[in-house]
Amino acid sequence: MARSGLADAARVARWADTELGPGRGSATADGKATLSAATAERAAHELGLTPDQVRADWDTARLAGLVEVHGDSARPGWRLRAWDRDDSAVLRGWVALFDAWSLAYPEPEDHEPAAVAEVVSAMPQVLSFLQLSAGPVPVEQLLDLLEQRVTELRTARCEIPYGPQPEPQAEPAPTDAPLAPLLDWALRALASVGALTYGDGQATLTPLGSWAVWVKLEQICVAAQSPAGNIEQAAEDMLRGCAQLRPNAARAEYRAWLAARPVGSAVTELLGAARGEDALLRGLAFEALRVVGAPAEPDVRAVLDEPTLRPYALLWLAEHDGTDPEDAHEVLTREEATWLWVDTAAAVADHGEAPLLVRHLESAVQPTVPMLLDEVRAVGHPRTVQVLVALAAAHPDPALAKAVRRAAFQVHTGGS
């Protein structure tokens, strides 16, 4: 179902991979990650689509991490590279789109942004109810639940005073009136990403939507791959095999893998894996290089000019020179530290659990969340939107989640 739902987006992403690489012309309009009219027309002609369909599929591809935009050029995301051989990459791409449902469908007009944000914050409970119901649920019942959840959110922010309240009014208060159209928007948006079906006054989770909600409810971990056989694997596959191991077990596996091949070629392989789109493998590759130690220093120093690897290489060199690992981050500039924070968050979002992503927020060098969001937007990491959407979906604080969602929307639209 995920492959089918993302097939059109993958098709446009593959076209972008072929046609929009360096030196092959403009991919976007004004560097804002939206296709220029000329590019959309060309893609539509070559793919047998309309320009509007191309733009919609392009938008879906970016939200699902199938394509990454860098200024006015594009490159495939790691999920597209792994598309044909890795079902988990497909599922993670769909979950990224599912998390970004509020960006995937136009917001209703004439509604306060605060009310929209409240509905977005309340929808996980509505989705949980749909998942537990395991069948069609009348929209009226979902609206009652949404109203209760929004009231709870307002109470948590102390917007509803404590103490004696006026007698209930016969008609709903004006502030409650917008919730019905906002629920309609939310259900249509979730239907547009394939999470549910919506019609005839009721909503039902699709099997894919039910699976995604169940995974989030239960915080299911991907089972660790057996380390057996990793020694014979290429660096990338070896690192994936070690991803779920505890640090000591992973280091033992790195040592065995390194012992089975010349150190020079091993370091070259590890740095090659670090250059890929999967941020988790980048971090693991440098962990393996720490096991290599001094023989890796020349090669690590040689990648300092590569922006993607520079923060990792600086930390590696600082620790190699005797700096306490807890103090090594001081060698990074603020911009490098922010880029590394986003890259690590991308790894957590792709491979970890929601609580880990929330805890990762505490590791940012910025003293406040608004400062972090400003600097994250400025640093230009290609996974910024996906990271912010995943953080907003995971964070229990509605006000903070709202601010993070707003920042994601601004990066997504190229706004300020």
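Guide: Let us begin with contact, which means heavy atoms within 4.5 Å. This is a predicted model, where local features need pLDDT of at least 70, side-chain atom pairs count only at pLDDT 80 or more, and totals for chains, interfaces and linings use all residues. Residues are numbered from 1 along each chain as its sequence is written, and side-chain values use heavy atoms, with hydrogens and water left out.

Visitor: Which residues is M123 in contact with, leaving aside neighbours within four places in sequence?
Guide: W101, L146, L183, A186, L187 and L190 are the partners of M123 on that count. One of them, L183, is 60 residues from M123 in sequence, yet their C-alpha atoms are 8.7 Å apart in space.

Visitor: Is M123 buried or exposed?
Guide: Buried means under 20% relative accessible area, exposed over 50%, and partly exposed in between (1.4 Å probe, protein chains only). M123 has a relative accessible area of 0%, so M123 is buried. Across the protein chain, buried residues make up 45% of the 416 residues.

Visitor: What is the secondary structure of the protein chain?
Guide: Helices (H or I, at least four residues) and strands (E, at least two) are DSSP runs, numbered from the N terminus. The protein chain has 21 helices and five strands. M123 sits in helix α7, residues 113-133, while T384 belongs to helix α20, residues 384-394.

Visitor: What does T384 touch, not counting residues up to four places away in sequence?
Guide: Its partners there are V342, V376 and V411. T384 has a relative accessible area of 3%, so T384 is buried too.
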